[in-house]
Amino acid sequence: MIAVSVGNPEVSMPLVRDYPESAVVIAGGTSGVGLATALAFADAGVRRIALLARNVERGKLARERVLDRHPAAEVVFIPTDAEDFEQVNASVAEAHRALAGIDVLVNSTTATYRPELLHRTPQADVEGILTRQALPPMHMTRAVLPLMREQGGGSIVNIASDAAKVATPGEAVLGAAMAAIVMFSRVAAIEAKRDGVRVNVVTPSLISGTPTADNVLRDGFSKKLFEKAASQAHLGVAEPADLASLIVFLGGPGSAKLTGQAISVNGGISAA
């Protein structure tokens, strides 16, 4: 297929701001991939950043870390339980006021989880696994989307995992939650494109140097599962900075025509 350049004079161009003019909100921005992403956005020139997370002490430390590297930045921390949509709505409104807008939303929330074969998973745990993993990015996206539609553009980046794409023993319920995030994001992308809003998903596998990695590699079935996965990452096991660099690209002008995609960053573990 040959790419052909065409234009439609009836379609207005969406608002796409460069990094120095952008306001970025990162849910789960106080550790792991979220914090690495905050630092990477600041390195790219972003000077208005809001970090949302539950833990107040960790939030203060994350804010100080970004400011230590970029003292001229405006960085706010807003305590938020992203599973509670009322808190999410209030926090998004506060971030919007504090930053005078929201151009990029990154959802890097995660819940404690250890893979286990389905027949060993207590039935009482199934609902919690689904809701704690899938609902936070959905709540955040729903809260921010009207603001981005109103201004005529924006970028939303949700983080799921390759469990959404690859059938992996021990991840039946997690995979269902991750697949929900991916399809939610793709439908949101199709709905929002007319208003200039892009929605994409990053799907990592194992990410070294994170609390989640420490948890799943501790012992038992999950340790064997992810050690095998790591052995297949011939390009190297992904680190938070690897995810952050892609997320910064997806939040910037270089990805202005990219939406509805689920992009794996896994060092070659799979090619889904």
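This is a predicted model: local features need pLDDT of at least 70, side-chain atom pairs count only at pLDDT 80 or more; totals for chains, interfaces and linings use all residues.
Local features need pLDDT of at least 70, side-chain atom pairs count only at pLDDT 80 or more, and totals for chains, interfaces and linings use all residues. Residues are numbered from 1 along each chain as its sequence is written, and side-chain values use heavy atoms, without hydrogens and water.

Helix H1 covers residues 32-43 (helices are DSSP runs of H or I with at least four residues, strands are runs of E with at least two, numbered from the N terminus). The end C-alpha atoms of H1 are 17 Å apart, which agrees with the 16 Å that its 12 residues should span (1.5 Å times one less than the number of residues). Because 10 of these 12 residues are buried, H1 is largely enclosed by the rest of the structure (buried means under 20% relative accessible area with a 1.4 Å probe, protein chains only). Among the buried residues are Val-33, Leu-35 and Phe-41. The partners that the buried residues of H1 pack against include strand S1 (23-27), strand S2 (48-53) and helix H8 (240-250), with contact meaning heavy atoms within 4.5 Å. After H1 comes Gly-45, with a positive phi near 115 degrees.

Glu-171 lies in the loop between strand S5 (154-159) and helix H5 (172-192). Glu-171 counts as buried because its relative accessibility is 10%.

The residues around the largest cavity include Arg-17, Asp-103 and Arg-198 (lining residues have an atom within 4 Å of a cavity point, on a 1 Å grid over the protein atoms alone where a 1.4 Å probe fits but cannot get out).

Technical notes: On a 1 Å grid over the protein atoms alone, a cavity is a set of points where a 1.4 Å probe fits but cannot get out, and a pocket is an open set with protein on both sides within 12 Å along at least five of seven lines; lining residues have an atom within 4 Å of a point. Buried means under 20% relative accessible area, exposed over 50%, partly exposed in between (1.4 Å probe, protein chains only).
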